[in-house]
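Welcome, and thanks for taking a look at this one. Have the viewer ready, and we will walk through a few places together.

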Amino acid sequence: MLARTAEYLFWTGRYLERAESTARQLDVTYHRLLEVTPAEESDAWSDVLVAVGLEDEYEKTGFPRSAAPVSEFLVMGPGNRGSIVASVAQARDNARGVREHLAMELWEALNTLHLNLAARDLAYDLAMQPFELYGFVRSGIQGVIGCATETWSREDAWRFFMLGLLLERAEMSVRTLRV
């Protein structure tokens, strides 16, 4: 296997896990904030930014640490390569470069997720029903990973994909535990 192919597969897995973990963190925080005082809200959003590893990038924006700006930054933030939209797009771009190593169902699931995410009115979803958007992202990525698990033969391509996915999961877990 070419090093470029291994790298693309590794980063495909990593970007997918990053997007799912970010959606999960946002969903948990959204539901957690239903039971906290307004004074605790800023701390909760700071925790999310630390957990996803984007606290320094968010500081550069100058926006307050509240639900709307943090959610927008983490879901579709322009210039934020760690946003959900950017992560799904990067995963798709990497997968497109190595389609010959992917099961057809895996490519179709990832491409469909990317297209469906791009077709959504994300600003409206964040304002009116963020929990539904987070669920959509999580279930879409879980479908892609399920396709990978069920249709891909256990060869080097699968191993590099899973290595990226599991490394990102471990890193996110460590940051979450630190918070």
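This is a predicted model: local features need pLDDT of at least 70, side-chain atom pairs count only at pLDDT 80 or more; totals for chains, interfaces and linings use all residues.

Met 1 sits in the segment before α1 (3–32). Together with Phe 160 and Leu 163, Met 1 makes up a nonpolar patch on the surface, and the three share about 280 Å² of accessible area.

Now step into helix α1, where you will find Thr 22. Is Thr 22 buried or exposed? With a relative accessibility of 1%, Thr 22 counts as buried. A polar atom of its side chain lies 2.8 Å from the backbone oxygen of Arg 18. Leaving aside residues up to four places away in sequence, Thr 22 touches Val 52, Leu 74, Gly 82, Ile 84 and Met 172.

Next comes helix α2, residues 38–51. Its 14 residues reach 21 Å from the first C-alpha to the last, close to the 20 Å expected at 1.5 Å a residue. Buried residues in α2 include Trp 45, Val 48 and Leu 49. The buried residues of this helix pack against α1, α3 (55–61), α4 (67–76) and α9 (156–178). After α2 comes Gly 53, with a positive phi near 75°.

Finally, the charges: the structure holds 13 salt bridges. Here are three of them, with the N to O distance for each.

| Pair | N to O distance |
|---|---|
| Glu 17 and Arg 169 | 3.1 Å |
| Arg 138 and Asp 27 | 2.9 Å |
| Arg 175 and Glu 171 | 2.8 Å |

Glu 17 forms a salt bridge with Arg 169, and this pair links distant parts of the chain: Glu 17 is in helix α1 and Arg 169 in helix α9, 152 residues apart. Glu 17 is buried at 4% relative accessible area, whereas Arg 169 is partly exposed at 36%.

The side chains of Arg 138 and Asp 27 also meet in a salt bridge. Arg 138 belongs to helix α8 (residues 130–151) and Asp 27 to helix α1, so this pair ties together parts that are 111 residues apart in sequence. Asp 27 is buried, its relative accessible area being 13%.

What separates Arg 175 and Glu 171 within helix α9? They are 4 residues apart, so about one helical turn lies between them. Arg 175 counts as buried at 14% relative accessibility, while Glu 171 is partly exposed at 34%. Both belong to a network of salt bridges that also links Arg 14, Arg 18 and Glu 168.

Conventions: Residues are numbered from 1 along each chain as its sequence is written. Side-chain values use heavy atoms; hydrogens and water are left out. Patches are made of residues with over 30% relative accessible area and no salt bridge: like charges are joined within 9 Å, nonpolar side chains (Val, Leu, Ile, Met, Phe, Trp, Tyr) within 5 Å. Accessible areas come from the Shrake-Rupley method with a 1.4 Å probe; for residues, only the protein chains shown count as cover. A salt bridge is a side-chain nitrogen of Lys or Arg within 4 Å of a carboxyl oxygen of Asp or Glu. Helices (H or I, at least four residues) and strands (E, at least two) are DSSP runs, numbered from the N terminus. Buried means under 20% relative accessible area, exposed over 50%, partly exposed in between (1.4 Å probe, protein chains only). A polar contact is a pair of N or O atoms within 3.5 Å; within protein, one must be able to donate a hydrogen and the other to accept it, and residues adjacent in sequence count only if both atoms are side-chain atoms. Contact means heavy atoms within 4.5 Å. The expected span of a helix is 1.5 Å times one less than its number of residues.
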